[in-house]
Amino acid sequence: MNSQNRKHYAARCVDALIAQSAAMRTAHRKKYWRLIRVIRSQTRLLSAEQHGGFLAPVNAQAVIAACKRMARRSFAWNRHPEDWGVPAGSPLVQLRSLVHHLFDQYPVPEFLTAAWWNENEAAWELDLYLHLAQGRSVRQFPNPLFQSLTKKMGALYMHSPADLSPFAALNWARIRALGGDERLARILISRTPLCYPLQDQRFWDSVFRFLVKHQPISADEIVEIVHFLFQQRIEPAEKVWGKGAGPFPVQPDFSLKGRSLMSLRRHMVHWKSDLIENGVMPPPEVDPLDFPWRRSAIGEFQCELEGQIWSIEEVLTPRQLQIESKIMKHCVETYLNECVRRQTTIWSMKVKAGQRRRRQLTIEVLPGKKEIFEARGKNNSKPSSTVRKVLNRWAHQEHLTFNETV
């Protein structure tokens with residue numbers, strides 16, 4: 001294909017992308033075409049004559065995506081696109097300039113402008129842009145991640161480097177506000193998962209403080225510490241410990257409180273043997289599915305009723321929990337993490353007729369309150385009158401109360 005044919009082909013590609021993206025509500029479509037006309041008449045952002053880099057036809061999608069998003073939010077335009085004074089400079093400079101021209105009543109950080117053309121659209125990022133463009137405080141943005149910012153964090157967020165994502169800028173601001181320098185902030189947001197949304201912000205703030213306190217640490221060790229914490233608190237135990245360890249984290253309550261850098265280093269080396277010694281995880285010769293958690297102080301139960309032997313026994317291993325869930329056809333196996341942490345206990349009521357024992361009821365008891373919180377039969381059915389009699393006898397024996405929903 002000669003150069004002239006390549007130009008015609010590229011032009012057709014761009015035209016096709018523009019036309020495909022025009023499928024929107026009539027009011028938005030009119031604004032979209034206004035933007036396309038202005039861009040084509042005043043710039044080369046969508047020119048098919050340009051090749052490579054930002055202007056390649058495949059990357060014209062970024063310009064077109066920005067036009068779609070700006071058209072859908074034309075209610076927030078403060079100026080007409082036809083009044084845009086195109087600055088000299090790169091395509092990126094020009095596209096940023098168009099966004100600022102349309103929306104900004106007050107300056108908005110440059111790192112947020114990329115939200116208008118990023119491949120993966122996040123509505124909250126565009127909402128944040130418009131929020132700031134109207135002169136409102138970043139700390140007043142209706143999102144818990146922003147409402148937890150201090151004044152110092154908010155100010156640092158507004159001055160984050162232009163190459164960061166909105167989420168990475170949040171951690172940049174927190175790290176810097178807690179005393180971290182630019183080196184530490186860059187390492188954490190470029191080489192660890194800390195460029196993504198975080199759960200349990202209070203814990204991660206304690207990590208930032210720990211790392212600030214123990215500077216200087218090599219970049220590799222900083223990365224190693226953060227990855228270790230992610231493994232222990234967030235990643236599934238089966239991925240970290242091995243097959244059968246379950247879908248929940250190994251140490252979801254792991255804390256840096258009271259730890260020195262040396263004690264953390266020791267634990268990172270010996271953490272498996274530490275957990276085995278403390279009875280948190282099984283030794284190598286024991287299948288994790290058969291490793292029991294600590295038995296509760298509530299007693300088990302057995303009685304005879306209507307010529308049959310009834311029993312209530314505590315479920316104590318992941319495998320038992322899976323079997324209970326499978327046979328009773330309900331979701332009790334998802335309670336594994338709460339059982340391991342002893343936040344709840346699960347009990348199985350069975351009846352023996354002849355040589356067979358059949359499950360009749362799965363019971364959840366909150367050990368702290370000694371409260372029967374839930375009781376469900378097969379397929380989450382309610383207990384029969386006979387099953388309820390057995391349950392009441394056990395409750396009386398162990399001084400258990402009933403939640404009002406049972």
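In which handedness of crossing does α10 pass α11? The crossing is right-handed. The points below concern a predicted model.

1. Helix pair α10 and α11. Helix α10 covers residues 201–213 and helix α11 covers residues 219–233; they pack at an angle of about 155°, and their axes are 12 Å apart. Angles over 145 degrees count as roughly antiparallel, and α10 and α11 are therefore roughly antiparallel to each other.

2. Residues in that contact. On the α10 side the contact is made by F203, W204, V207 and L211, and on the α11 side by I222, I225, V226, L229, F230 and R233. By class, the contact of α10 with α11 has 9 nonpolar residues, 1 charged residue and no polar ones.

3. The peptide bond joining Q215 and P216 is cis, with omega of about 0°.

4. Helix pair α9 and α11. Helix α9 (residues 182–191) packs against α11 at an angle of about 50°, with the axes 10 Å apart. That angle makes α9 oblique to α11. The crossing of α9 with α11 is right-handed. From α9, the residues R183, L184, I187, L188 and R191 meet A219, D220, I222, V223, V226 and H227 of α11. By class, the contact of α9 with α11 has 7 nonpolar, 1 polar and 3 charged residues.

5. Nonpolar cores. The largest nonpolar core has 88 residues, of which M70, F103, W116, Y157, W204 and L211 touch the most other members. A second, separate core has 20 residues, including C303, W310, M349 and V365. Not counting residues up to four places away in sequence, W204 touches L194, L198, Q199, V226, L229, F230 and I234.

6. F141. This residue is in the loop between α5 (123–133) and α6 (144–147). The relative accessible area of F141 is 5%, and the cut-off for buried is under 20%, so F141 is buried. Leaving aside neighbours within four places in sequence, F141 is in contact with W124, D127, L128, H131, F146 and Q147. One of these, H131, is 10 residues from F141 along the chain, and the C-alpha atoms of the two are separated by 7.0 Å.

7. T317. The loop between β2 (308–314) and α14 (318–328) holds T317. T317 is buried, with a relative accessible area of 7%. Beyond its neighbours within four places in sequence, T317 is in contact with L289, D290, F291, P292 and W293. E221 is 96 residues from T317 along the chain, and the C-alpha atoms of the two are separated by 36 Å.

8. Positive phi values. R342 is not a glycine, yet has a positive phi of about 60°. R342 is found in the loop between α15 (336–340) and β3 (345–353), and is buried at a relative accessible area of 11%. N380, also a residue other than glycine, has a positive phi near 65°. N380 lies in the loop between β5 (371–376) and α16 (385–398). Is N380 buried or partly exposed? At 40% relative accessibility, N380 counts as partly exposed.

Methods:
Residues numbered from 1 in each chain as written. Predicted model: local features only at pLDDT ≥ 70, side-chain atom pairs only at ≥ 80, totals over all residues. Heavy atoms only, no water. Axes fitted to C-alpha atoms, helices over the stretch in contact; angles between N-to-C directions. Helix = DSSP H or I, 4+ residues; strand = E, 2+ residues; numbered from the N terminus. Parallel < 35°, antiparallel > 145°, perpendicular 65-115°, else oblique. Left-handed = near helix turned anticlockwise from the far one by under 90°. Contact = heavy atoms within 4.5 Å. Nonpolar A, V, L, I, M, F, W, Y, C, P; charged D, E, K, R; others polar. Buried < 20%, exposed > 50% of the residue type's maximum accessible area, 1.4 Å probe, protein only. Core = buried A, V, L, I, M, F, W, Y, C linked by side-chain atoms within 4.5 Å.
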